[in-house]
Amino acid sequence: MSSVRDEILEVLNREKIGTMATVRDGKPFSRYMTFENENFVLYTVTNKHSEKMEELHNNPYTHILFGYENGGFGDSYVEIEGKLTEIHEEGLKNKLAEFFTSIFVGNDDEMITLKIDPIRMRLMNKKGEPPKELEFTNDQY
């Protein structure tokens, strides 16, 4: 029998696209993003001049929906509450660049790598089961 950690990690490893919500003018705003997962920590890229960068500077917290398979009721997905930070460490940026270079459109000098540290993840709609929750501390992942 798998644990909630294993079930959530399976969704994170299977999927690459999710919706990420930020706050714009006091209201939620969502957009599709591509993510790379490394042991529950998510990474994504954006243009340093994008609206989302201003939103994240004002409020670094985000909510992400990840993994809906489009098969109907019973499709599992993960709700993620997290905190974003910019990655400036060149080694990590270079490691992730291969994955994101094919996705990012624009000058590489304008690409910002974002790290989403999880606060809470909920496995939802797993064949009609109640949500399963996983909370994180900084040393947990």
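Two aromatic pairs are present in the structure, which is a predicted model in which local features need pLDDT of at least 70, side-chain atom pairs count only at pLDDT 80 or more, and totals for chains, interfaces and linings use all residues. Residues are numbered from 1 along each chain as its sequence is written, and side-chain values use heavy atoms, with hydrogens and water left out. Rings of Phe, Tyr and Trp (its six-membered ring) pair if their centres lie within 6.5 Å; planes under 30 degrees apart are stacked, over 60 edge-to-face, and the rest tilted.

**Phe-35 and Phe-66**

- The ring centres of Phe-35 and Phe-66 are 5.6 Å apart and the planes stand at 70°, so this pair is edge-to-face.
- The pair links distant parts of the chain, 31 residues apart: Phe-35 lies in the loop between strand 2 (27-34) and strand 3 (36-38), and Phe-66 in strand 5 (residues 61-66). Strands are DSSP runs (E, at least two residues) numbered from the N terminus.
- Phe-35 is buried at 0% relative accessibility, and Phe-66 is buried at 1%. Buried means under 20% relative accessible area (1.4 Å probe, protein chains only).

**Phe-40 and Phe-136**

- Phe-40 and Phe-136 form a tilted pair, with 5.4 Å from centre to centre and 55° between the planes.
- This pair also links distant parts of the chain, 96 residues apart: Phe-40 is in the loop between strand 3 and strand 4 (41-47), and Phe-136 is in the segment after strand 8 (132-135).
- Phe-40 is buried, at 2% relative accessible area; Phe-136 is buried at 9%.

**Charge over a ring**

- The charged end of Arg-24 sits over the ring of Phe-29, 3.6 Å from the ring centre. The criterion is NZ of Lys or CZ of Arg within 6 Å of the ring centre and within 35 degrees of the ring normal.

Terms used. Helix = DSSP H or I, 4+ residues; strand = E, 2+ residues; numbered from the N terminus. Buried < 20%, exposed > 50% of the residue type's maximum accessible area, 1.4 Å probe, protein only.
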